[in-house]
Amino acid sequence: MCESNGEKLVIEGRATIHDIPAYREDIWNDVSTALAVNCIRYNGLAVEVMERARKGQYWGRGMPTEVETMLLSLGLPDWYPEYLKNVKYLFPKGHCISLLLCDIILEWYRIHYPKVFHEIMATNT
């Protein structure tokens, strides 16, 4: 859930849809890759930024200036820290996949066994 999603960034041409973090793992990948490119030894920054953004701590409390400066010095886009400040919560990718699989399974039963599916759904509500 994001207060201001990346649509504006895409429309303005500042980012592509692939650049915008959609899951918490995307943040970790972006920060850890930037650390590796800059030959900086892993120091836990990627996990800290990922967890705080995922939980919405930057949205509620703001991002410390030193973290924002570090992200920009790593070569991440100028919009990246601002985007993280607007995140209220990000799902882990595994949760999204498991929910999608549940939906696919339910749809399969709904299509192939509609009568039984609707009977079960009606009795379980």
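**Cysteines**

I began with Cys39, which counts as exposed because its relative accessibility is 71%; here buried means under 20% relative accessible area, exposed over 50%, and partly exposed in between, with a 1.4 Å probe and protein chains only. Cys102 I noted as partly exposed, since its relative accessible area is 45%. I then looked for disulfides, taken as pairs of cysteine sulfur atoms within 2.5 Å, and the count came to 0.

**Basis of the entries**

The model is a predicted one, so I kept in mind that local features need pLDDT of at least 70 and side-chain atom pairs count only at pLDDT 80 or more, while totals for chains, interfaces and linings use all residues. Residues are numbered from 1 along each chain as its sequence is written, and side-chain values use heavy atoms, with hydrogens and water left out.

**Nonpolar core**

Which residues of the largest nonpolar core touch the most other members? A core here is a set of buried Ala, Val, Leu, Ile, Met, Phe, Trp, Tyr and Cys residues joined through side-chain atoms within 4.5 Å. The largest one has 24 residues, and those touching the most other members are Ile27, Val31, Val49, Leu71 and Leu84. I traced this core to α2 (24–37), α3 (45–54), α5 (65–73) and α6, each of which supplies at least two residues, and α3 gives the most, with 5 residues. Helices are DSSP runs of H or I with at least four residues, numbered from the N terminus.

**Aromatic pairs**

I searched the whole structure for aromatic pairs and found 5. Rings of Phe, Tyr and Trp (its six-membered ring) pair if their centres lie within 6.5 Å, and planes under 30 degrees apart count as stacked, over 60 as edge-to-face and the rest as tilted. Trp79 and Tyr83 form an edge-to-face pair, 6.3 Å centre to centre with 90° between the planes. Trp79 and Tyr83 are separated by about one helical turn, because they lie 4 residues apart in helix α6 (residues 79–85). Trp79 and Tyr80 are both buried, and Tyr83 is buried as well. Ring pairs link Trp79, Tyr80 and Tyr83 into a cluster.

**Salt bridges**

My next search was for salt bridges, meaning a side-chain nitrogen of Lys or Arg within 4 Å of a carboxyl oxygen of Asp or Glu, and the structure holds 9. In helix α3, Arg52 and Glu48 are 4 residues apart, about one turn of the helix, and they form a salt bridge whose closest N and O atoms are 3.6 Å apart. Arg52 is partly exposed, with a relative accessible area of 34%, and Glu48 counts as partly exposed at 34% relative accessibility.

Helix α3 also holds Glu51 and Arg54, 3 residues apart and again about one turn of the helix, and their side chains meet in a salt bridge of 2.8 Å, N to O. Arg54 is buried, with a relative accessible area of 14%.

Where do the partners Lys85 and Glu68 lie? Their salt bridge has its closest N and O atoms 2.9 Å apart, and the pair links distant parts of the chain, with Lys85 in helix α6 and Glu68 in helix α5, 17 residues apart. I recorded both Lys85 and Glu68 as buried. Salt bridges that share partners also join Arg24, Glu25, Glu51 and Arg54 into one network.

**Nonpolar surface patch**

Helices α7 (93–112) and α8 (114–123) each supply at least two residues of the patch, and the largest share, 3 residues, comes from α7. Tyr109 is found in helix α7 and counts as partly exposed at 41% relative accessibility.

**Asp78**

My last entry is Asp78, in the loop between α5 and α6, which is exposed with a relative accessible area of 56%. The C-alpha atoms of Asp78 and Ala46 are separated by 17 Å, the two residues being 32 residues apart along the chain.
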